Amino acid sequence: MLWTTSLCLLWASFVLGAPVRKERQKLLLVSFDGFRWDYDRDVDTPNLDQMAKDGVKAQYVTPPYLTITSPAHFTLLTGRYIENHGVIHNMWFNTTTSVKKPYYPTQFVNEWWDNGSLPIWITAQRQGLKAGSVHFPGTASSYQGQVVMNREVEPQLYNYKNETAWQENTDMVMGWFRDQDLDFVSLYFGEPDGVGHRFGPDSPERRDMVKQVDRTVGYIRQSAHRHGLTDRLNIILTADHGMSTVFRNGMVEEIILKKIPGFLFSDLSFHLVDYGPSGMLLPKPGKLEKVYQTLKGAHPHLHVYKKEEMPEHLHFANNDRILPIVLWADPGYVISGYFPVQFNQGEHGYDNLEMDMKPFFRAVGPAFHKNLEVGPFETVNIYPMMCHILGIQPEVNDGHLDATKHMLVTSVTSKGGNINFLKNAFTGLAAVAGFLAVVFIATISLKIIKRKRKNESFRSESFEDVQEKEETKQTSF
Ligand SMILES: [Zn+2]
């Protein structure tokens with residue numbers, strides 16, 4: 001009897017204590033640079049459409065300001081606004097020496113990236129997971145002495161358009177998931193940003209590139225299937241920013257700082273302009289007010305702000321790397337220094353409230369609802385959702401799971417695997433009910449036996465036989 005009860009207790013505590021664990025889900029974060037939220041509206045995109053049916057589509061997402069590549073990608077990886085993660089520009093610069101490095105060399109300036117915020121790869125690795133990254137901005141750097149375990153940094157002068165290379169990279173990543181059991185990989189494609197800049201977002205070249213992206217989305221999903229990953233792999237597609245047409249051919253009055261009456265470059269210690277529609281200025285000591293007053297209101301499409309007066313929604317002020325005066329132009333315009341040197345048909349870097357700056361968002365996999373279209377959310381919220389899916393503890397970040405959890409089907413523990421809470425609760429209740437039933441029957445049986453023993457005292461020698469019989473019954477109950 002006692003033995004039976006102990007066994008039941010052990011069984012009940014085992015069932016109650018052990019969560020119903022499934023295999024940990026995997027996650028692939030894909031960025032198609034500069035894929036604006038509405039690029040699927042004027043192009044036939046069967047694979048993106050199928051993905052929306054099989055998963056979740058957001059109307060659009062809002063990127064962080066400054067809406068340029070490295071800062072916005074680092075927000076995806078950290079869940080922090082740009083002023084908080086510190087990768088405030090594509091270009092590393094030194095205001096003392098006036099040295100500036102373009103996008104590609106800046107990928108290798110470790111201290112530019114490793115300045116306090118940890119990308120999700122490192123956090124995942126610290127918590128026992130395996131991570132990888134292909135060409136994603138930030139991949140080349142180390143963070144507090146650690147690099148992403150599996151990584152491919154793009155070579156210099158890389159051909160971003162090569163569709164065969166896109167497929168090879170996709171298969172390599174799927175191989176990592178299957179053969180090396182990686183949990184998280186970020187995968188970057190440099191288009192349709194390139195054609196958007198060169199030919200403009202309304203060009204046939206951009207539409208052709210969106211078709212290539214769509215074929216690649218189909219290829220990514222096929223490759224996941226071929227590698228036997230469909231049931232375990234979640235795929236998120238998004239981008240860093242959108243694209244806007246630049247007004248050309250003398251249609252508008254261009255913004256050229258040199259031409260603004262009273263403005264002198266000699267009043268500046270350092271400047272970062274000729275970079276699309278944004279700029280930053282460091283006036284010489286005592287010149288800040290003069291420079292500010294000269295530029296403020298000088299052009300109807302030029303916004304001029306002192307760093308400390310920046311609009312709140314941009315979250316682009318609270319960092320020592322941001323210079324004292326911040327400039328940006330309205331869509332259609334770029335900011336030139338001495339004379340026009342920018343000839344792109346399309347640009348980004350505008351206010352993140354502009355619809356042209358909004359990227360797309362799609363997600364598919366076991367963590368996501370099917371055939372669900374959701375409203376917009378900020379891309380800082382993608383990070384906590386990714387941590388949630390992976391079952392890792394996020395770092396301090398500016399996102400909230402509340403902004404995205406309606407897209408998810410399951411709850412995830414803070415560490416290790418998914419738990420279906422309803423199923424677990426039901427199993428627990430069933431175990432308690434079973435245990436109580438066993439106790440009840442055992443008690444009743446014991447009473448019956450005691451009564452028998454009283455009434456049939458003359459057959460006392462057979463009591464143990466009866467008890468054994470009852471216990472056998474209980475055990476098999
Ligand atoms: Zn970009």
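Colleague: Happy to start with the loop between helix H8 (163–179) and E8: where does Asp 181 sit, and is Asp 181 buried or exposed?

Modeller: Asp 181 lies in the loop between helix H8 (163–179) and E8, where helices (H or I, at least four residues) and strands (E, at least two) are DSSP runs numbered from the N terminus. This is a predicted model, in which local features need pLDDT of at least 70, side-chain atom pairs count only at pLDDT 80 or more, and totals for chains, interfaces and linings use all residues. Residues are numbered from 1 along each chain as its sequence is written. With 11 other C-beta atoms within 10 Å, Asp 181 is exposed.

Colleague: Thanks! What are the cut-offs for that, and how many residues of strand E1 (residues 26–32) are buried?

Modeller: A residue is buried if 20 or more other C-beta atoms lie within 10 Å of its own, exposed if 12 or fewer, and partly exposed in between, with C-beta atoms placed from the backbone. Lys 26, Leu 28, Val 30 and Phe 32 point one way from E1, while Leu 27, Leu 29 and Ser 31 point the other way, and all are buried. E1 is therefore largely enclosed by the rest of the structure, the count being 7 of the 7 residues.

Colleague: Nice. Which residue in E8 stands opposite Phe 32?

Modeller: Two strands pair if DSSP finds at least two bridges between them. E1 and strand E8 (residues 184–189) pair in the parallel sense over 6 bridges. Opposite Phe 32 in that pairing is Phe 189.

Colleague: Which strands stand at the edges of the open sheet of 4 strands?

Modeller: The pairing in this sheet is antiparallel, and the order is E12-E13-E15-E14. Two strands have a single partner strand each, so one side of each is left without a neighbour in the sheet: strand E12 (268–275) and strand E14 (302–306).

Colleague: And at what angle do the axes of H2 and H10 cross?

Modeller: Axes are lines fitted to C-alpha atoms, for helices over the stretch in contact, and angles run from 0 to 180 degrees between N-to-C directions. The axes of helix H2 (residues 46–54) and helix H10 (residues 204–226) come within 7 Å. Their crossing angle is roughly 50°.
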